[in-house]
Amino acid sequence: MKTLNPTNLMAYSLGATLLGSGGGGHPKILYDLISYLMDTHGIVKIISISDLKEDDLVVPLAMVGAPLIFSEKIPNACMFDELYTNIKKEYPHKRIVLMPAEIGGCNALTPMILALKYSLPILDADLIGRAFPKINMCKPAVLKRPCNPTYVSDLMGNSIRLDLNRLELLELMVRDITVRFGSFSGIATFLFDGKNADDYVIEGSISQALEYGKQLSIPRDFISSIQTTLIGDGVITDVYHEMKNGFLLGHTIIKNNENHYKIYYQNEYLKISKNGVDVDGSPNIIAIIEKKTGQPLTSEALVYGIDVYILTINAPPFWTSPSSLPIVNYKLLDLETL
Amino acid sequence: MTYDKSYILGIDIGGTHVDIVAIDTNESIIAFHKEPVSEHIENCILRAIKQLLNKGIQAKHCKAIHLGTTLGINSLLELKSLYRVGVLRIAGHHPDLPPAFNWPIEKKKNIIASFETINGGREYNKNLISEFNPSEVHGAIDKLLTQGAESIAIIGVFSPLYSNDEDRVAQIITDAGYGDLPITLSRHVGGLGFIERENNTIINATLKKVFHNHFLDLEPKLKKLDFNGEVLITQNNGTLLSLQQALQFPIKTISSGPTNSLNGACKLAKLRQAIVIDIGGTSTEIGVIEDGFPRYSSSGATIAGIPTNFMLPSLEVLALGGGSIIRRQNNSYVIGPDSVGSQLYGESQSFHGNQLTLFDVGNVLLNQIPENGILPSLSKTEATRIMKQVIEQLQNKVNDIFIDDKVVILFVGGGSQNIPDEYLNEIHQRPLHYQVANAYGAALAEVCGTVDAIHQLGEDRQGVIDKLEQEAINQALANGAEIKSIRIIEKRLLPFYYMDNQLTRVIITAAGKKLLIDE
């Protein structure tokens, strides 16, 4: 049986950070809370798509807001309790299976809070295969699946149910509610039945994060491995960001003696330019990795003076198909750059 | 011989020795001494200084005394001379995760007395998370004191941006007359990131005891010896802090030992790039100097196994030093991790003791009999094998952290003298005065100026930052830095979310060499 447990939690977190492309918040935000819950509640069972029964209800979960805020107003184990109670009331006879809505960053760990407290299994999949700044950048949104009902909750025990007839409203509503909740909320959205899984999931995301996490323990081997493309290396010489419309918007400059790299981000790293020329970007995953530790750095953790590698990893295949590429291609994205 | 020119004293207070150097206006060492550590650090310092006075140094020409110390880190590692800390969180959402959750268990048990959470704390936009209630403060402090708290750490959500709640709590405690109950406010010792800042705050709160014990009476005693120069303590970033500030914020000095040794080693060797291996009595620290300055690790630095968000020099630490105890195991040797430490003069075989140490192995290979000692009975063949193993362990560690194999490796620290020349290859160097590299680094510690203020960066972002950098530089100048060596060593921008015109807390530090001139 595949599990998430105290032994592989660190590797899982590292791999999830890498898949976050700088965004999604650093899993360390939740790591301690999960370890704390594991002390009392044990381990989390991971099931695969083939274990899913037709009428299982899969509940994708995420925290929404600015990662900088999670790290300051630290999450609470009760933040999904209200939301879970409401879902149970709505679907009293269904087996509930949890899933990370987004594998990249701290949300890889988010469903573990409920999974540990209520002994629920987690599905080895997610809605995105990495992290993206907007809710409409996920598989079911691209495939125009309904998002109803969506639940939003906060750290103080409030929970709201949304039933929206336009998908575009989801992003706006969740963002507004989240701002009212102190820029930090928990969300369950794109709930689906086991039989419809194909329209919703990027399969094997949890295994992928675990695999990358193990490889990252030897950074030098990892950067030369075949899944990765080394773009360059250097020292972080400037970090410039601001919060705008709920996003951490900014860029960082990384320099060595010959080259200068600029990486643009909107929560996630979305584009790299080398000496003024764009070289790679979304949907490929961009990672800035501290040379010494092999730690992938998230956008809010960038600090002046650190020695890093810049590398990219190919996007999950779903994002390179003709129907989804235009939505996330950095060449077409209206990046609000700074 | 007597010197009648200005000088600075650099003092390194380590686990086994207090090292002292005097440097002149050319940064040359004019005298140095190594004094074994005894119970009372203050007395060791005074004894070491008197030794220099015997060598012809005159108290009245001393412009400053720079203390570098591992007292803080050692007391955390050994869990000695620490206050038990009461943790007071101002966090209306009442987080489940207790303080010190991910600390090594022994540290948590010895340092944390108890914790309390009260209402208040801020959202990103300054709104209160929940209503602050002064009477909760009294209740919480009373509980913490009952649980044995001797020092209080106060952490408010978003306090680096909004200090209101922490300041109110501090005021309430002061007004309530809890005597000299030491308090530490988190905003003074850390940036955003609640858990790491909380850890910084607790460490600072607990360390106040050891600094209080060792440094409170130092200045008056130095005055009695006619030393009227400033007494300063080196901090993590290689710059200086007043003794008064260090008593308030001991955590700022916690990593100054490695910083001093890295800087000192490179300046002794006159190199701008090197790997530095500092072998002390109980441990070896390996760091990297690039372009004249230590390489730093990211925000994930740990102190004695405790995660913090301090920027510290990136270091590899090995439990291997001159006093490391060596044991035979099957066909090889186990070196350390324990050390005879400050008992080297009683327990090592060279001093009739029972323990075989690296010091003894060195003596055998170098055919060297220490004063009042003997030559240990270990065979040359065995000694050679042990020394080869030591060099291999060090080289392996270096290979772990550094790819470029042409960079010079500097051996410094008292433990380095145990390695005979023939074990070193062409890229290994032991610069002159390598035994006191750390104290030399302390003597060279820089003067800084810091700006910590809230500004609207707005349209003219770069303009505003340039102006603030200039302010920091001017302050460094005013504090006695030499103009041509000044540079910016720290630049942190903490934006206020959703506020107009990029309202930002800006922290900029400029540092430069201390200007020392002869009268």
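Begin by selecting B:His94, which sits in the loop between strand E5 (85-90) and helix H3 (105-111) of chain B; helices (H or I, at least four residues) and strands (E, at least two) are DSSP runs, numbered from the N terminus. Although B:His94 is not a glycine, its phi is positive, at about 45°. Most residues other than glycine have a negative phi, and most peptide bonds are trans. With a relative accessibility of 37%, B:His94 counts as partly exposed, where buried means under 20% relative accessible area, exposed over 50%, and partly exposed in between (1.4 Å probe, protein chains only).

Before moving on, keep in mind that this is a predicted model, in which local features need pLDDT of at least 70 and side-chain atom pairs count only at pLDDT 80 or more, while totals for chains, interfaces and linings use all residues. Residues are numbered from 1 along each chain as its sequence is written, chains are lettered from A and ligands numbered from 1 in the order in which they are written, and side-chain values use heavy atoms, with hydrogens and water left out. For chain B the mean pLDDT (the predictor's confidence in each residue, from 0 to 100) is 89, and 97% of its residues reach 70 or more. For the complex, the predictor gives an ipTM of 0.80 and a pTM of 0.84.

Next, go to A:Phe190, in the loop between E9 and E10 of chain A. Its phi is also positive, near 55°, in a residue other than glycine, but A:Phe190 is buried, with a relative accessible area of 1%.

From there, select A:Asp193, which is found in strand E10 (residues 192-193) of chain A. A:Asp193 is buried, with a relative accessible area of 19%. Leaving out residues up to four places away in sequence, A:Asp193 touches A:Glu54, A:Asp55, A:Asp56, A:Leu57 and A:Lys94, contact being defined as heavy atoms within 4.5 Å.

The aromatic rings come next. Over all chains the structure holds 11 aromatic pairs, counted when the centres of Phe, Tyr or Trp rings (for Trp, its six-membered ring) lie within 6.5 Å, with planes under 30 degrees apart called stacked, over 60 edge-to-face and the rest tilted. Select A:Phe70 and A:Phe184, whose ring centres are 4.5 Å apart and whose planes meet at 45°, so the pair is tilted. Because A:Phe70 lies in helix H3 (residues 67-72) of chain A and A:Phe184 in strand E9 (residues 184-188) of chain A, the pair ties together parts that are 114 residues apart in sequence. A:Phe70 counts as buried at 2% relative accessibility, and A:Phe184 is buried at 1%. A:Phe192 and A:Tyr200 form a stacked pair, 4.6 Å centre to centre with 15° between the planes, and both of these residues are buried. Ring pairs also link A:Phe132, A:Phe318 and A:Trp319 into a cluster.

Now look for charges over rings, a label that requires NZ of Lys or CZ of Arg within 6 Å of the ring centre and within 35 degrees of the ring normal. A:Lys291 lies over the face of A:Tyr309, at 5.4 Å from the ring centre. The charged end of B:Arg461 sits over the ring of A:Tyr240, 3.3 Å from its centre.

Follow B:Arg461 into helix H14 (residues 461-478) of chain B, whose 18 residues reach 26 Å from first C-alpha to last, close to the 26 Å expected at 1.5 Å a residue, that span being 1.5 Å times one less than the number of residues. The buried residues of H14(B) include B:Arg461, B:Val464, B:Leu468 and B:Ala472. Just after H14(B), B:Gly480 takes a positive phi of about 105°.

Two cis peptide bonds deserve a stop. One joins A:Asn148 and A:Pro149, with omega about -15°, and A:Pro149 lies in the loop between helix H6 (139-142) and strand E7 (150-153) of chain A. The other runs from B:Gly336 to B:Pro337, with omega near 0°, and B:Pro337 lies in strand E18 (residues 332-339) of chain B.

Finish inside the nonpolar cores, each a set of buried Ala, Val, Leu, Ile, Met, Phe, Trp, Tyr and Cys residues joined through side-chain atoms within 4.5 Å. Of the 153 residues in the largest core, A:Tyr12, A:Met112, B:Leu9, B:Leu67 and B:Phe215 touch the most other members. Helix H6 (residues 194-215) of chain B gives the most to this core, with nine residues.
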